[in-house]
There are 2 protein chains.
Amino acid sequence: MTHPCYAVLEVVLAGPEEPVPADRVPFWAVFEHESGDVQRVPGFWDGGNRYLARFAPEREGHWTWTASSEAATLSGKTGTITVTAPTPGEHGPVRVAGTFHFAHADGTPFRPVGATVYNWLHQPGERFAATVDSLAEAGFNKLRFMVFPQAGGYVEHFPELLPFECGPDGRYDVTRPVVDFFRKLDAAVVLLQSRGIQADVLIYNAYDNGRFGLDGLTQAEDAVYLRYLVARLSAYANVWWSLCNEFDILDRPTPRWDAAGELLAVTDPHDHLRSIHNWVRFYDHNQPWVTHASIQLGQATEDFGRASLFRDAYRKPVVLDEIKYEGDVPERWGHLTARELVHQFWITTVSGCYASHGESLVLDDGSLHIVEGGRLRGESPERLGFLRRLLDEVDGDGLDPIDNWWDGAFVAGIPGRVYFQYLGRSAPGSWTFRLPNAAMGTQLEVGDRFEVDVIDTWNMTVKPVGRTFELAEVQRNDAFAGDAEPVQLPEGEALALRIRRIPQPAVAG
Amino acid sequence: MTHPCYAVLEVVLAGPEEPVPADRVPFWAVFEHESGDVQRVPGFWDGGNRYLARFAPEREGHWTWTASSEAATLSGKTGTITVTAPTPGEHGPVRVAGTFHFAHADGTPFRPVGATVYNWLHQPGERFAATVDSLAEAGFNKLRFMVFPQAGGYVEHFPELLPFECGPDGRYDVTRPVVDFFRKLDAAVVLLQSRGIQADVLIYNAYDNGRFGLDGLTQAEDAVYLRYLVARLSAYANVWWSLCNEFDILDRPTPRWDAAGELLAVTDPHDHLRSIHNWVRFYDHNQPWVTHASIQLGQATEDFGRASLFRDAYRKPVVLDEIKYEGDVPERWGHLTARELVHQFWITTVSGCYASHGESLVLDDGSLHIVEGGRLRGESPERLGFLRRLLDEVDGDGLDPIDNWWDGAFVAGIPGRVYFQYLGRSAPGSWTFRLPNAAMGTQLEVGDRFEVDVIDTWNMTVKPVGRTFELAEVQRNDAFAGDAEPVQLPEGEALALRIRRIPQPAVAG
């Protein structure tokens, strides 16, 4: 049997009709690569006598697997696979790269330009599909959504399909997952993958408000659910884990969150990205189980010089997963103009961080896109798709602030290669060539040559200046192009500059 | 024998002339309070056959002590003390209070308005004394200075008195401390205490530049020195520990710093404040041994909305211990105007953080005050003394940003009691009464009455508006005083507002 790298391989076994309770792993599939490397993958019950283990190999070559279980019918099965090159376009799971950035398992950089539809999974089929079509067309490459259904303001659809059977006491029995529910979740993740969208899966739910009672599970029940969820979804390359959106809305002690995060880290055989997102109280993102800081702070991206401080504090990728929404609701989190939201994405970009979009324009039925999805209607998504394409062109891990110590020149880039300077919502009439040259990363020399593009972040144009700028003076903290003419700019517009080094021509021999 | 609380008690013992090597604790003095509580204090060698243990009791009542040692002449000695009420004005060591602030052991709040003279300890006597006189007159209440001498730019005085004898191999022998050196250090700490100044002791030194070789000690030698230093100084109430200024200038692995910090935490019997200060790479201030985040980041206090993010990240007090200096040197860290520095202190204040001052006006001999001290000459110290007096009047742990999530109103205070709003370097012509009312801390009600003072941060005046503002509307995030006349302001000045609640009159029975 051959199987492409990064694709989901399913070991399907017939086991006991009376399922091995989901508070235990029903079987383990142990995959051994020809090199001797071993990966241990938890299986899960999939209804009736059907048991699965899902594995996505990341190495080509010969693998063997063996199943072990306390149930005799599941134990001792074996198989072999030859893993071949990945299907074109498949790059594997996204992980941390270059301290502050992301890349797929094969090294392909990934720059999240994410969207948010919390209750997407629980929408009727037409809206469910339209949501993904619209996000993909706009160019979003990550979606935050919840496994458990949402209740509360702006929620218009309440699902009947819920994740667990109820026990005789009326409580959820987390050892009896509703397979149809989780198959729907599988399909949702696969659908996103087919559209090039990472699934940022929100595991627990701070928005139950007592309606479904899924926020009332005990810590032990939460752990049973987490193990089952991870066993089902981990093999999908596009999964990211987020323990909760606005975790601190729930009245739970921090050590419970710590334990959940640590369980997630040891449970996931594919080592996906892991985060937790706050309301007003921050989690300690320095904890080892946290791969990147997922942050809400309304003001952090409203002006320059703020968000990058989180990079200094955490030394991990920083994703501002809630920077308020383009919308028209009265709540202060929900009425940014499109121009303001696009502006905040650009500030985030030159802060060396990433952000997520959300739309809170009130829909005819009283709901919001961030809650129930559907087609996007705002003016920001197209501009964020434009930003994403510019980020995708960057050759390197990602954009880092060049000289974060210093105010007044918010430039991010890859030293000596490419720089982005965002001029804010009101550009000056002209710009004189200058590059920051941080003490820690000096890579500039007199004679280096650069080309400059003027980027209109709203009208989505990239205009080359058409001149070459040659460094005439390289100081400790700045580099200048002598008396090169300033670049004339359309004053007052939301502009950015892209400054790229021109490779040295090969010296004739 | 009676002894006042918080004062330094010395157990003086005669021991072996051949000292117990300083890589071991020569004896322990075990102090037992009548309640049964025990504190174990390390002794140290003080020259010849003289051994000391210093202890500052924090509880009144009867104490007994017993000495134990591997040296027979130091072992078995005992004594009793009756600890009485503290001397008036003595409040004990400063520790963390209210998550983000500081208070003395007796509960008296402490708001650091600190100064910096790195090489103070190594100056000639006249300059050494003048430094303290000038700092105390200006109103500074904390001083950062190094134990080891500094070399490099702007250093004009190099001491002959060094902390360790040299061994036969020409290397320092850290087991043979130079007692005169450390007695001088004792006296320096005591002098600061007598002037109401906390001694922020920089234990290691990133500015040796190979001149003294004190940055070339091994990790084990560093630990011997740290234990000796702690044994000598810990009983002084005004000690703060800082592992290093700009630790990341030294090429050392992070785990070495971690280990030094953890050693400090377990070694210090009086549990003083502990921090580490960065150059461009941040330390993980979430580590348990760190009591407060001591941070350098040039841009963090240059604008609103930045420094407070470190509070969110660390949930500890944040002290910006290097926010650039008032001065006239060409380096970009050293030529703030006094107005800029005072402005940054006020931004720091409404960010719920603390800052340290430094002066880098070039002196006649080519040195700088931050290096060698002497009398202050700048225009900022007087204004910082004014700020400190305002902070000292605050009744509560300290000022917290009321609504850090939201941009546009940078107000810090104690909800429902007192608020400071800083208007920046260029106040508007008038201010309409408005208080933030954060979702997390609602303490405002319609009918609450407030008085407002207009503070001129440069001219050091506090002018009451002379009217009462009564809340007419309390919304989720803001509270307003109906149609109260706006407060007229001297437009363009660096102003702050202090808004204090007027206590309810007692209801007549």
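**Exercise 1. Find how many salt bridges the rule gives across the interface of chain B and chain A.**

Solution. The model is predicted.
Step 1. Apply the cut-off: a side-chain nitrogen of Lys or Arg within 4 Å of a carboxyl oxygen of Asp or Glu.
Step 2. Search across the interface of chain B and chain A. The rule returns two salt bridges.
Step 3. Check one of them. Arg332(B) pairs with Asp403(A), and their closest N and O atoms lie 2.7 Å apart.
Step 4. Ask which element of chain B gives the most to the side that touches chain A. Helix H5 of chain B, residues 308-314, does, with six residues.
Step 5. Sort the residues on that side of chain B. They split into 16 nonpolar, eight polar and eleven charged.

**Exercise 2. Work out the area buried between chain B and chain A, and which residues of chain B lose the most.**

Solution. 
Step 1. Take the contact residues. Chain A supplies 35 residues and chain B supplies 35 residues.
Step 2. Take the area. About 3400 Å² is buried between the two chains, with 55% from carbon and sulfur atoms.
Step 3. Count polar contacts. Chain B and chain A share 16 residue pairs in polar contact, both residues at pLDDT 80 or more.

**Exercise 3. Classify Cys5(A) and Cys166(A), then count the disulfides.**

Solution. 
Step 1. Use the cut-offs: buried is under 20%, exposed is over 50%, partly exposed is in between.
Step 2. Cys5(A) has 4% relative accessibility, so Cys5(A) is buried.
Step 3. Cys166(A) has 44%, so Cys166(A) is partly exposed.
Step 4. Over all chains, the structure holds zero disulfides.

How values were computed. Residues are numbered from 1 along each chain as its sequence is written. Chains are lettered from A and ligands numbered from 1 in the order in which they are written. This is a predicted model: local features need pLDDT of at least 70, side-chain atom pairs count only at pLDDT 80 or more; totals for chains, interfaces and linings use all residues. Side-chain values use heavy atoms; hydrogens and water are left out. A disulfide is a pair of cysteine sulfur atoms within 2.5 Å. Buried means under 20% relative accessible area, exposed over 50%, partly exposed in between (1.4 Å probe, protein chains only). Contact means heavy atoms within 4.5 Å. Buried area is the accessible area (1.4 Å probe) that two parts lose on being put together, summed over both. A polar contact is a pair of N or O atoms within 3.5 Å; within protein, one must be able to donate a hydrogen and the other to accept it, and residues adjacent in sequence count only if both atoms are side-chain atoms. Helices (H or I, at least four residues) and strands (E, at least two) are DSSP runs, numbered from the N terminus. Ala, Val, Leu, Ile, Met, Phe, Trp, Tyr, Cys and Pro count as nonpolar, Asp, Glu, Lys and Arg as charged, and the others, Gly among them, as polar.
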